[in-house]
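Subject: Structure handover

Dear colleague,

Here is the structure you asked for. My notes on the side-chain contacts follow below it.

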Amino acid sequence: MPLLSIITVTYQAAQVLPITLRSVASQSWRDFEHIFIDGGSQDDTLSLIESYARNHEQVRYLSEPDRGLYDAMNKGLALARGEYVCFLNAGDSFWAEDTLEKLFRAAPREADVLYGEHVEVDQEGRICERPRHRPYPRGALKKEHFRTGMRICHQALIVRRSLAPLYDLRYRLAADLDWTIRLLSQNPRSYDSGQVLIRYLAGGISDRRLRRYIWERTAIIYRHFGAGAVLESGWAMVRHKLLGGHPRLHPS
């Protein structure tokens with residue numbers, strides 16, 4: 001059984017998938033499996049995955065229609081065998097070749113959630129100099145950190161599989177926020193790496209459908225924390241506009 005299951009969800013992703021494949025293949029630490037959940041792509045996505053699987057061990061993949069991103073992520077969780085899971089979707093990558101090695105060598109064995117920072121990049125790998133919408137949470141990660149929205153990029157969360165809930169398919173754009181709050185409601189032991197872990201490809205579906213994303217995020221915050229937290233979330237957005245956001249951790 002591998003220590004980590006890396007789950008990559010794809011659909012018509014042939015243009016950006018090589019970024020992810022190169023990153024995972026170059027990791028100096030190898031105690032992982034790589035699972036691909038494809039939504040029935042008609043471009044070259046599946047041929048890229050098949051070629052990758054022929055040249056690398058511990059690769060499994062499934063290609064079939066699904067009910068959206070989070071349905072595919074649930075399928076990935078069902079297939080995962082690792083002690084921990086993380087989601088690295090097409091176009092996303094680890095910060096450096098030794099990212100996983102440094103993370104797992106430093107993290108205490110009893111940690112349930114390992115987390116860190118991310119930077120946003122474009123398809124050419126250039127860093128997008130965007131400030132954080134919310135401050136990076138230092139120390140023990142608590143569900144209250146997420147009263148106003150996502151404080152940690154979902155890809156920068158590595159979670160003990162036995163604690164990982166399924167995604168609520170009522171939410172098509174913001175289910176990762178609900179998932180994270182439900183995960184942290186179990187009071188898991190967390191480890192703050194204090195390091196940049198992920199290069200996150202900018203321009204995802206939540207950016208393209210921002211109004212729907214904000215509606216879902218508001219509904220999730222109200223469901224878990226009440227009306228007061230919804231007002232806090234609105235004020236956090238205003239502060240972001242007025243103050244220019246919060247600083248990011250610098251890559252080391």
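A disulfide is counted here when two cysteine sulfur atoms lie within 2.5 Å. Please keep in mind that the model is predicted. By that cut-off, the structure holds 0 disulfides. The sulfur of C86 has its closest cysteine sulfur in C153, 11 Å away, so the two are too far apart for a bond. C86 is buried, with a relative accessible area of 2%. C153 is also buried, at 11% relative accessibility.

Aromatic rings

The structure holds 7 aromatic pairs.

W179 is in helix α5, 12 residues apart from Y167. Relative accessibility is 4% for Y167, which therefore counts as buried, and 1% for W179, which counts as buried too. Ring pairs join Y70, F87, Y167 and W179 into a cluster.

Another ring, that of W95, has the charged end of R199 sitting over it, 3.9 Å from the ring centre.

Salt bridges

There are 22 salt bridges in the structure. One of them joins R248 to E117, with the closest N and O atoms 3.8 Å apart. It connects distant parts of the chain, as R248 is in the segment after α8 and E117 in strand β6, 131 residues apart. R248 and E117 are both buried.

D178 and R223 form another, at 3.1 Å from N to O. Here helix α5, which holds D178, is linked to helix α7, which holds R223; the two residues are 45 apart. D178 is buried, with a relative accessible area of 0%, whereas R223 is partly exposed at 41%.

Within helix α7, the side chains of R212 and E216 meet at 2.9 Å, N to O. R212 and E216 are separated by about one helical turn because they are 4 residues apart in the helix. R212 is partly exposed at 34% relative accessibility, and E216 is buried at 0%. Elsewhere, salt bridges that share partners join E83, R109, D112, R160 and R189 into one network.

Regards

Conventions: Residues are numbered from 1 along each chain as its sequence is written. This is a predicted model: local features need pLDDT of at least 70, side-chain atom pairs count only at pLDDT 80 or more; totals for chains, interfaces and linings use all residues. Side-chain values use heavy atoms; hydrogens and water are left out. Rings of Phe, Tyr and Trp (its six-membered ring) pair if their centres lie within 6.5 Å; planes under 30 degrees apart count as stacked, over 60 as edge-to-face and the rest as tilted. Buried means under 20% relative accessible area, exposed over 50%, partly exposed in between (1.4 Å probe, protein chains only). A charge sits over a ring if NZ of Lys or CZ of Arg is within 6 Å of the ring centre and within 35 degrees of the ring normal. A salt bridge is a side-chain nitrogen of Lys or Arg within 4 Å of a carboxyl oxygen of Asp or Glu.
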